[in-house]
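This briefing concerns the fold, the strand pairing and the aromatic contacts of one protein. Please read it alongside the sequence and the structure displayed here.

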Amino acid sequence: MNTKKYELSIKPYPGKLFITEEIKIYKSIYKKLSNVECKLEEDLAGYTSRGCFDGVHTYLVYATDTCSLIHELSHVALFIFKQCGINPVKANGEPFCYFIDNLFKESVIRLSFKTSSLTTYTA
């Protein structure tokens with residue numbers, strides 16, 4: 001299993017975004033950035049935190065599967081859009097949706113779980 005962190009591009013928006021699929025790596029990055037112990041439950045499927053470290057808005061995502069990843073990346077996008085004063089539903093939500101699309105594509109390339117972990121439902 002992958003035990004690394006990855007930094008994703010959030011351009012054109014300001015800040016940094018780190019992702020990982022390992023809770024231990026998440027806790028390590030969190031402590032390094034904030035100088036505070038992370039007390040997340042070990043059984044969480046995902047979590048997002050944010051803060052301003054060294055003057056840079058930083059987002060940290062932990063996700064164990066594709067569904068959790070989309071959920072947590074949506075939190076990041078909503079935080080960023082709010083910070084930038086952008087309404088995520090304007091223009092039929094296209095800027096928000098394209099941003100999520102790009103973050104998701106970049107994430108699944110780096111993380112060891114694949115989109116095949118999604119369940120397909122048929123009617």
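Of the 123 residues of the protein, 38% count as buried in this predicted model. The accessible surface comes to about 7,700 Å², and carbon and sulfur atoms contribute 55% of that surface. The protein contains three helices and four strands.

**Overall fold**

- Read from the N terminus, the elements follow the order β-β-α-β-β-α-α.
- Among contacts with a separation of 6 or more, 51% are made by residues 24 or more positions apart.

**Strand pairing**

- Strand S1 (residues 6-8) and strand S2 run antiparallel and are joined by three bridges.
- Within this pairing, Tyr 6 stands opposite Ile 19 of S2.
- Strand S2 also pairs with S4; these two strands run parallel and share five bridges.
- Thr 20 has Tyr 62 in S4 as its bridge partner.
- Strand S2 (residues 16-20) is mostly covered, with four of its five residues buried.
- As a general point, side chains in a regular strand alternate between the two faces of the sheet.

**Aromatic pairs and clusters**

- The protein has seven aromatic pairs, counted by ring centres that lie within 6.5 Å.
- One of these pairs consists of Tyr 26 and Tyr 62, whose ring centres are 6.1 Å apart.
- The planes of Tyr 26 and Tyr 62 are 55 degrees from each other, and the pair is tilted; planes over 60 degrees apart would count as edge-to-face.
- Because Tyr 26 belongs to helix H1 (residues 23-34) and Tyr 62 to strand S4 (residues 56-63), their pair ties together parts that are 36 residues apart in sequence.
- Both Tyr 26 and Tyr 62 are buried.
- A single aromatic cluster brings together Tyr 13, Phe 81, Phe 96 and Phe 99.

**A charge over a ring**

- Which residue lies over the face of Phe 79?
- Arg 50 takes this position, at 3.9 Å from the ring centre of Phe 79.

Technical notes:
Residues numbered from 1 in each chain as written. Predicted model: local features only at pLDDT ≥ 70, side-chain atom pairs only at ≥ 80, totals over all residues. Heavy atoms only, no water. Buried < 20%, exposed > 50% of the residue type's maximum accessible area, 1.4 Å probe, protein only. Contact = heavy atoms within 4.5 Å. Areas by Shrake-Rupley, 256 points an atom, 1.4 Å probe, with all protein chains shown as cover. Phe/Tyr/Trp six-rings, centres within 6.5 Å; stacked < 30°, edge-to-face > 60°. Lys NZ or Arg CZ within 6 Å of the ring centre and 35° of its normal. Pairing = 2+ DSSP bridges.
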